[in-house]
Amino acid sequence: MKKKKAKLRKRVIIAVVFAAILVLIATFSGVLAPNDPYATNSELIRQAPSAAYLFGTDNLGRCVFSRVLIGARTTIASTFFLVAVSFLIGIVVGMLCGFYGGIVDDILMRIADLMLAFPQMVVAIAVAGILGGGLGGAMIALGITMWTSFARLARSHTLSIKNEPYITAARLQGKSGLQIMMTHIMPNILEPVLINALTQIGTTMIGISGLSFLGLGVVAPQAEWGSMISEARAYIQIAPWAVLFPAAATVITIVVFNYLGDAVMEYRNAE
Amino acid sequence: MSEYLLKIDRLSASYGDDDIVKDVSCGITPGEIVCIVGESGSGKSTLIKAIHGMSELRITGGSIFFGNEEISSLTVKERKKLMGSEIGLIPQDPGSSFNPIRKLSAQFREAMAGHGMAYDEDRIDGLLKKIGLQQGKAVLGNRPFELSGGMNQRIAIAAAMLFEPRLLLCDEATSALDVTTAGAVVDELLKIRESRGTAILLVTHHLGIARRMADNIGIMKDGRLIEYGNTEKIFDAPENEYTRKLIRDVPRLKK
Amino acid sequence: MKKQIAKRIAELIVILIVLSFLTFLLMYLAPGDPAEKRLSSQGVAVTKEVLQAEQERMGLLRPFMVRYGEWFGGILHGDWGVSFKDDMPVAPKLAAGLKNTTILALASLIISLIVSVPLGIASAVKKNSILDHIVRLLSFIGNALPNFLISVLLMYFLCIQLNLFPVVASGSVQGLCLPALSLAIPMAGRFTRQIRTETMEQLEQEYVTGLRTRGVREKDILIHNVFHNASGHIFTIVALQIGTLMGGSVVIETIFRWPGIGKLVMDSINARDYPTIMGFVLIMGTIYVVINFISDVLYHVLDPRV
């Protein structure tokens, strides 16, 4: 048992290291990029990869390597932001519902149920489409349904601990509901909900880049992997590198974060 | 060596780090009834599992012989060939030894097909009647989850007896039954031994049943076989202090 | 059981009505004026009078609830409104698109199940074997691939490099292969993982040991017992994937120009053709809710304990 646990811990550490590297690359992409990702150059159109342009150049002569780096920032930052906001909304709603119950709980949970009745990507496409594109619109579109999973989880964990003796004791001491939630409930439900957030990163990334690919996410010329692939697929025959490198970056990033989610989940389940 | 049907030699077995069965040796000859008595956690059920070999259990030392074959070193697949026709098992929790959501008739059909037998409802019904289940055919149309624990137990016993094994392993075979039915099952087991010469290894926490059935009794505690001998000797002149305590604690069962 | 189903159907109807209301609300709140969009796309100079006349004509000036009631009443009678883009009725367009999307969705579902059911079961049975490791790796990667990316890669390698398929699908059987594959690959990845987990859970159940001790053949244990018991869960897994499949088909249909409802909705989004978008959301939501309802019922039929 202990051996298995140690092995799982090692997996978590490896995953964290890889994820950290990606986050660092994204954070310092401005410094790391060898060329200006937005500088067009009509003389360097669709150049094959070379020492100066590691991943080649695209249809407008922009450096694909630099754009992939800057794109990492767009994708990772917007994913983190979206997951974090959904997480916060979800945990607050879930905790309030679970702790107070009653009519507020009924209404909010009915809304969450309803959200489940809509397929997420269908809603996202319709909403992002109506909002007329843009990264903000895409994030709202995905967030509309996303908070519900966090809320459900937070609620069920709150329900399972709210009658524990230490909560009752805190009540008897005359602590207010808010105090109890902040000092006793929140710390105890944080971990499972955080792990859920971690496992959502990969799907969210797929969602954001999918919307961008459809032209419903980031607006050109901003660099984002989905939209880069979408733009460059028109001339994939002539300059496959302009598609293949952002594609590889997308896959690697999603794989790393999915692996991280899996590893943490397994580690926790082994307890 | 070969006079034994089953011979256990210095057997140790574990699920994880610590051995649950420790250095156990005993044997059973054809037609003999051996009862292993111990409290829960003594390792007696694990001993049964080690013998049938169908559970995730690691044999960490010693060996098990069936006839002249060392079965403890065989793969699960090879050992499975013995199951049913050579070695039968009446498990501790018979209800969950069947697929809870499939009709019993289908499960009997598959079990019989596994031994190259055609499905024979009359035969199963006959067996069920012997152990006091009257509407056998109707019961076979049910799924195990719809039946009581006692019913499932009797059906599991019938399923084990169906293939006339040379060795029948019983893991607390009567624990889910009321006294009358338990008595019927014990009688039926004795009859099987009588008519077919089936050897029975029965594991129980119930000394009364052991006294009524067994030729030889073994006492298990903390994974070890601390005393072994014929039934009269165990009851009349127990050597071990723990055995004496067990005998004292038994409520007298009508003999 | 019957009472429960009746109750669930009543719930279902309420959910569908709310669904239609939310859909309508969404379009109502949407920024941008369809009348203005329409006029400018026709090249009409947008003056205040012209705009107001157009809004009047398109019925945009009446109160919200009146418009919702009319729209919803129309839907019940098969009249889903007329397109803002070309004044053609929406319902036949949606129906034609839905037919093609269903073909695509079924093809991809069948492909992914044909792959994932045997692989999922085999890797659960041969847990920690080389096969299991390969299957797990492949399904993990498949699951991490966005389907737009798969479709672009498939197009590049199979159409352009190897010249095996036409680039534009446009409804032919041959053209169905790539879009169906693009949808099937990530789905197969997810199914395989879930079926593996589900099978492993069943294999750990005590009844498997019980059947083995009776000498039941492994084949019978696996197919008639383990898979039988897992199938309820597998239906649920598939039903839940339908939502992802719907979103994915919008992307894939757009890429391959497959004339399905997803391509229709992307064209409508670009034209701010609200009646078509509303129809799309309503249809997809309804299908999703109904399929999940059916899978719930099936689950109870297959495992009557719950």
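Predicted model: local features only at pLDDT ≥ 70, side-chain atom pairs only at ≥ 80, totals over all residues.
Residues are numbered from 1 along each chain as its sequence is written, chains are lettered from A and ligands numbered from 1 in the order in which they are written, and side-chain values use heavy atoms, with hydrogens and water left out.

The contact (heavy atoms within 4.5 Å) takes 36 residues from chain A and 39 residues from chain C. The size of an interface is often given as the accessible area lost when the parts come together. Here the buried area, which is the accessible area (1.4 Å probe) lost on putting two parts together, summed over both, is about 3,300 Å² between chain A and chain C, and carbon and sulfur atoms give 84% of it. On the chain A side, A:Phe118, A:Val122 and A:Ile130 lose the most area to chain C, together 19% of what that side buries. The rule for a salt bridge (a side-chain nitrogen of Lys or Arg within 4 Å of a carboxyl oxygen of Asp or Glu) finds one across this interface. A salt bridge joins the side chains of A:Asp262 and C:Arg193, at 2.9 Å from N to O.

On a 1 Å grid over the protein atoms alone, a cavity is a set of points where a 1.4 Å probe fits but cannot get out, while a pocket is an open set with protein on both sides within 12 Å along at least five of seven lines, and lining residues have an atom within 4 Å of a point. Grid points are joined across faces, edges and corners, and a volume is the space filled by probe spheres set on the points.

The second largest pocket holds about 570 Å³ of space. Its lining has 20 residues, of which A:Asp113, A:Leu116, A:Ala117, C:Arg8 and C:Ile15 are the closest to its centre. Domain 1 (2-81) and domain 2 (91-302) of chain C both give residues to this lining, so the pocket lies between them; the bounds come from an automatic or database domain assignment.

The structure also holds four cavities of 30 Å³ or more, and the largest cavity has about 60 Å³ of space. Its lining consists of A:Asp58, A:Val64, A:Arg67, A:Met228, A:Glu231, A:Ala232, A:Tyr235 and A:Ala242.
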